[in-house]
Amino acid sequence: MTTLATRRQAGPGGSTESRPARSGASSVGRPGFAWALPATIFFALFALVPLAAVAVLSFTSWSGLGDPEFVGFENWETLVADPVMLKSLWLSLLFIVLGVVTQTPLSILLGVWAAGHQRNRAVLSAIYFIPLLLSSAAISVLWRALLDPNFGLPGQLPWLFGDGNLLGTQAGAIGVLIFVGMWQFTPFHTLIYQGAAKGIPTVLYQAASIDGAGTVRQFFSITLPQLRNTAITSIILMVVGGLTTFETVLILTNGGPGTDTTITAFYMYQEAFQSFDFGVGSAIALVLVVVATLISLVVVKVSGYDKMNSSLEGL
Amino acid sequence: MNNRTWMSRGLAGTAVMMLGLTLAGCGGGGGDASSRPENELHVAVYGDASNKVEEAMVAKFNETSDVKVVLDTIPGADYQTKLQTIIDTDSAPDVFFNWGGGSIANFVKADLLLPLDDFIEEDPKLKDAFLPSVFETAEIDGKSYGVPMRGTQPVMLFSNSEVLKQAGIDAPPATWDELLEDVERLKAAGVTPIALGGADQWPTQMWFQYVFDRVAGEGLFQAALDGDTEVWDSEESREALGKLRELIDAGAFGTNFDSVKFTDGGSPTLLSSGRAGFELMGSWAYATHLDADPEFAENVLSYSEFPEIEGGKGDPHNLAGNTNNFYSVHKDTRYPEEAAEFLKLMYSDEFVQEQIAIGNLPTTTNTEEFLDEASNPEYAKYQFDLVKDAPNFQLSWDQAYPPEATVTIHTAVSQFFSGQIDEDGFIKAMQGL
């Protein structure tokens, strides 16, 4: 990164001129470590310290009563042999993939559409964003009532829902959770894409029109490539959100039927706060941290996001 | 580069130091009486509609006492979680609500509770004023740890008498075979025979509690609770599971019970709207119906004991459910004498009358005198006689075991009902407790 920045600043003049330029910049007060101190302290206090405490707890047996008791790798051995843990990881992965696959196309389409200047779009967009203002708990309770097999929508539309046992089958329960997640989070991602789409210079579209490109062609050749970095941001948010989905599972399915929607984040809660086994709960939390970090790294590497290339270069 | 090394070392140092502080903080736990608030006696209760009686009791107590009782109501669904996370800290309540049995077993093991035997010695009414079968629920290793408060909540078979009549059923089933017959008749009449809030899981567990008790008697579960997990694999256990499977396969619960909840009004509405014939539920179901549809609760709702299973070992008058709620006292309380005085209110006439007025059924020996004041005296008396005459009152399985067993039990019962696991799967799950 440093070398990259240096080279850019250096410009065509060559590397000899770049060194004085750098030292000159620092003499006018380039931000030092002190500037990062407040953020670092908060990050250490609220992220690193709890993380370290969780890591320590994962090697103990603790029910919240008395002192944690060191048990070595016992919790980890339990987890490795636990079929529910393995299943929960696969389920989490499934939730992430399905979440990204369903939300991304919809948010891009809605976002690009909402970026237009027509007055009706502003009004409709405002309505679309309502789910964004509701808490996850409220949304879950709402959909739980709407999907009641006897008194909700399924009871009225038997040709579509059959006996309405949506939350009693694995496919149905996962479908409901993905749908509710989509309903809840699409507005947020739409907002991101709307902002990004508004930022695409109109000259690009004007040029394309002159070249004879229609709306569809413009969308695929200009809009989508210009939204690339936004898409990566949005997808990373979806991945992290998918990994930590919790309230909807707790309220809509409680991890059921059986353990069929017990995703890792919910399993962590169950072990720690329903079974009062904070040791195993902490171990699951650590697994989540590692998995989330790995996935983020992979997304950043694969997408080339780490190179921070501007999509407006040359304009 | 130097800068960075310094930074990471500094961070690491800070982290280690903070961690040390954090652990010292949580390891400290408990503490002595002097670190607790002065002149305050904190009473933690499960937050719900019953709180108004508790508030009245606290107000009455505070009139004459220098040490003031502070009532901390904790929203119901989070009660056990919150209690377990604060009980071993300085913010622990002095007196707290619980279900007896497994809900306090871990606290007793961790030496956090005050045995109440000294209080009882001074004032024998703290024990004698309550029905013995109820009081026993909060006895652990021969010592008393809880005084009953609020009411008893046996599980009964509720029914919609109009639906039964239309299906040609004159009376609630007295035996298992009659229940199976009724199921066929109700199916023929086009309704779900039995409403079940399977998504809540604990309503499903109620079927296991009764069928196991009727088939094998109360001994089987007690043996399992005492550590003999082999009983789950006994012939009687398999017979009970076979009976349940028979009922499920007969279509008694319909097909979508796993999407229905009791807690959001789903399954009670099935019963009250005439779309189901029966529902096995705790005695609070009456209050639920009275709240939602008073007309139905007073005229149509009917209730009976769980049917007898022919050839079973269990007494047909045995009950299952929540025996009672209890107040227990924390060992580190600063004011044990005031706590004892407060507990004495729990058998006072005034307390009993107020509980009955809001629909709870206390289990004091003098409760019977006041049953006429209940909103539905007939229902109150029926329930009280059930509890008084029951040879055994089985505490709900998920309350009898310590809280860490709850998820396993709930998952096993619901997976058995939905067919995800069979007899062997259920036995294996319960043996893992």
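Visitor: What share of the 315 residues in chain A is buried, and what makes a residue count as buried?

Guide: Welcome! In this predicted model, buried residues make up 38% of the 315 residues in chain A.

Visitor: How do you know that chain B is in contact with chain A?

Guide: Contact means heavy atoms within 4.5 Å. By that rule, 42 residues of chain B are in contact with 37 residues of chain A. The area buried between the two chains is about 3300 Å², with 60% of it from carbon and sulfur atoms. Gln84(B), Ser259(B) and Val407(B) supply 16% of what chain B buries against chain A, more than any other three residues.

Visitor: Why is the pair Asp264(B) and Arg144(A) called a salt bridge?

Guide: Good one! The closest N and O atoms of Asp264(B) and Arg144(A) are 3.6 Å apart. The cut-off is 4 Å between a side-chain nitrogen of Lys or Arg and a carboxyl oxygen of Asp or Glu, so this pair qualifies. The count between chain B and chain A is one salt bridge.

Visitor: Which helix of chain B gives the most to the side that touches chain A?

Guide: That is α1(B), with eleven residues. The residues on that side of chain B divide into 17 nonpolar, 19 polar and six charged.

How values were computed. Residues are numbered from 1 along each chain as its sequence is written. Chains are lettered from A and ligands numbered from 1 in the order in which they are written. This is a predicted model: local features need pLDDT of at least 70, side-chain atom pairs count only at pLDDT 80 or more; totals for chains, interfaces and linings use all residues. Side-chain values use heavy atoms; hydrogens and water are left out. Buried area is the accessible area (1.4 Å probe) that two parts lose on being put together, summed over both. Helices (H or I, at least four residues) and strands (E, at least two) are DSSP runs, numbered from the N terminus. Ala, Val, Leu, Ile, Met, Phe, Trp, Tyr, Cys and Pro count as nonpolar, Asp, Glu, Lys and Arg as charged, and the others, Gly among them, as polar. Buried means under 20% relative accessible area, exposed over 50%, partly exposed in between (1.4 Å probe, protein chains only).
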